Amino acid sequence: MWIDINAYTGHWPYKQLYKNTLSGLLERMDRFGVDKACVANLSALHFKNTQSANESLQVELKSLQQANRRFIPFAVINPNYPAWQNDLEKCLKLGFRGIRLYPQYHDYLPENENCVKLVEQCKKEGLVVALTVRMVDSRQRSWLDIPHVAGTEVGERNLRNFMPLIRAVPDARYFILNMANGWSVDAEDVELLKSENILFDTSGRSIHFMPDLLKQYGAHKFAFGTHSPVLDYITGMLRIESLQAHEATEHEKELMRSGNALRFL
Amino acid sequence: MKEVFRFKKLDAYTTSVFTPASIALHLDYADRFGVSKMFVANPMTQIKLTPDEFREHNNKVIAAVKQHPDRFVGQFTVNPMYRRESLDEIDRCLDAGMMGTRLYQQVKINDPVYAPILEKLASLNILIFMHGECQMGVGGYKMKYDVKKVPTISTPNDFVDVAQRYPEAMFQFAHIGGGSDWECMCKTFEPYPNIYVDTGGSNNEEYMIDFALKHLGEDRLLFGSDNSLYQSIGKIFASELTDSQKEKLFYKNYKRILNKGGFHVD
């Protein structure tokens with residue numbers, strides 16, 4: 001079984017995306033044999049009031065009727081905007097299973113007081129908190145996109161930027177999505193990242209050679225993710241399927257395909 | 001993985017520092033994904049690239065190919081600021097069995113100082129492969145957003161300039177997946193049939209390959225990795241390319257171009 005923990009429906013304002021609806025995603029899932037996907041509304045990243053994107057996602061899910069059982073909805077919450085607590089409550093009632101946070105796009109730091117409160121609340125409610133390290137490669141950015149550009153003073157974000165939040169609420173359950181810009185963190189944070197309640201998806205550029213990461217972190221720490229429709233649908237899958245027998249057992253591969261995700265969901 | 005192995009592959013853009021560990025990783029990648037030959041050279045660096053330096057670079061490549069002649073094919077670098085030495089180096093490297101160039105950013109491709117190099121390579125029907133970027137604030141492109149890279153990086157418009165000046169030459173713009181704006185690259189190159197691209201690089205945005213096919217056609221796309229092991233393969237299998245188009249991209253296009261220069265690979 002395959003569960004994609006990192007997919008989207010919705011728009012990216014700087015580029016035409018393709019099959020960027022739940023129907024389009026279903027086509028890809030059927031083409032490549034993926035059973036379920038965790039989805040959020042990509043449009044929310046460029047909304048101030050992200051709740052309207054969460055409600056749109058719900059409408060889209062309803063429109064699919066039975067097929068919507070293949071999707072696990074995640075809400076985008078902006079703790080830097082009024083009434084985020086109400087938004088979270090509404091999303092809980094609507095059946096969202098987790099939230100995704102985008103401090104880079106919503107103009108706050110992960111260690112922001114409201115963000116910490118939000119994650120604490122998610123922990124109480126049993127919601128997964130997904131942190132996306134990078135959305136797109138900044139080198140090809142539009143002039144309207146955020147000014148975090150690789151190789152400049154205001155560089156792209158990396159895992160280190162999210163550690164203050166993870167340290168503040170270490171026992172929340174986290175997905176770390178689209179790992180980019182390296183694995184370097186402070187020594188004391190390495191052990192924290194190895195804890196059972198943090199899962200990395202396989203879409204990111206910093207998953208350069210999977211066998212090495214499995215030796216360092218273990219197969220229980222990774223889950224299939226695509227970052228679709230931003231990134232191609234297959235690379236995240238290849239990182240698992242190309243593992244050889246001496247690098248991962250079939251059981252370990254199955255954990256990465258879906259077992260680890262199910263542990264969280 | 002069966003699907004991946006159905007297609008024979010030539011990696012037109014492998015980059016190596018030629019340590020034992022890096023060579024081992026290249027060989028692993030080739031075995032893991034069914035790449036029959038890797039066209040290899042040193043990574044781009046900010047050095048001046050004096051004749052001693054480019055000879056040293058090329059010697060490393062020659063040595064690696066000697067060690068693994070069934071896996072690697074060498075590409076050479078030169079610096080046109082050193083005209084005589086560069087022209088001699090082309091001969092030396094071709095005699096040593098190398099099959100193409102790996103030019104960097106010391107000088108823009110359309111700088112007049114490149115003329116003798118380009119003319120020699122064109123006369124030999126050798127694909128002129130150079131690093132290029134299409135990022136705001138790089139190489140003269142939208143410099144309002146200057147990201148402080150060296151000003152001599154070649155941009156798509158620089159390639160268009162030389163492609164028009166040398167219509168008989170063949171140019172390869174490196175890695176549409178190298179992080180830069182691939183839509184910009186493909187749209188710029190569309191009218192110039194003597195500009196090819198390789199699909200290498202760490203950026204594996206959805207639709208990149210389909211877009212390249214739409215704007216450049218199925219005969220101008222070359223497979224490359226630039227050491228991005230998974231992305232280089234994944235983005236192609238995620239695309240809507242037919243089997244025949246994949247065959248061209250992975251193997252036939254590059255083989256055809258190499259044959260023009262008298263180079264034969266299996």
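Because the model is predicted, local features need pLDDT of at least 70 and side-chain atom pairs count only at pLDDT 80 or more, while totals for chains, interfaces and linings use all residues.

**A buried strand**

Select strand 3 of chain B, residues 72-76; helices (H or I, at least four residues) and strands (E, at least two) are DSSP runs, numbered from the N terminus. Of its 5 residues, 5 are buried, so strand 3 of chain B is largely enclosed by the rest of the structure; buried means under 20% relative accessible area, exposed over 50% and partly exposed in between, with a 1.4 Å probe and protein chains only. B:F72, B:G74 and B:F76 point one way from the strand, and B:V73 and B:Q75 point the other way.

**Aromatic rings**

Over all chains the count comes to 26 aromatic pairs, where rings of Phe, Tyr and Trp (its six-membered ring) pair if their centres lie within 6.5 Å, with planes under 30 degrees apart counted as stacked, over 60 as edge-to-face and the rest as tilted. Select B:F7 and B:F250, a tilted pair with 5.9 Å centre to centre and 35 degrees between the planes. This pair links distant parts of the chain, 243 residues apart, with B:F7 in the loop between helix 1 (2-5) and strand 1 (9-15) of chain B and B:F250 in helix 10 (residues 243-260) of chain B. B:F7 counts as buried because its relative accessibility is 2%, and B:F250 is buried at 0%.

Next select B:F159 and B:F173, an edge-to-face pair at 4.8 Å centre to centre and 70 degrees between the planes. B:F159 lies in helix 6 (residues 156-165) of chain B and B:F173 in strand 6 (residues 171-173) of chain B, 14 residues apart, and both residues are buried. To see residues of chains A and B together, select A:Y18, B:W182, B:Y207 and B:F211, which form one aromatic cluster.

**Charges over rings**

In chain A, the charged end of A:R100 sits over the ring of A:F74, 5.5 Å from its centre; this requires NZ of Lys or CZ of Arg within 6 Å of the ring centre and within 35 degrees of the ring normal. In chain B, the charged end of B:K9 sits over the ring of B:F5, 5.8 Å from its centre.

**Enclosed space**

The structure holds 5 cavities of 30 Å³ or more, a cavity being a set of points, on a 1 Å grid over the protein atoms alone, where a 1.4 Å probe fits but cannot get out, with lining residues having an atom within 4 Å of a point. The largest cavity has a volume of about 120 Å³ and is lined by 13 residues, of which A:Y105, A:R134, A:V136, A:I146 and A:H148 lie nearest its centre. The second largest cavity holds about 90 Å³ of space, and among its 15 lining residues A:R134, A:N178, A:L231, B:N203 and B:N204 lie nearest its centre.

Terms used:
Residues numbered from 1 in each chain as written. Chains lettered and ligands numbered in written order. Heavy atoms only, no water. 1 Å grid on protein atoms, 1.4 Å probe; cavity = no way out; pocket = protein on both sides within 12 Å on 5 of 7 lines; lining within 4 Å. Points joined across faces, edges and corners; volume = space filled by probe spheres on them.
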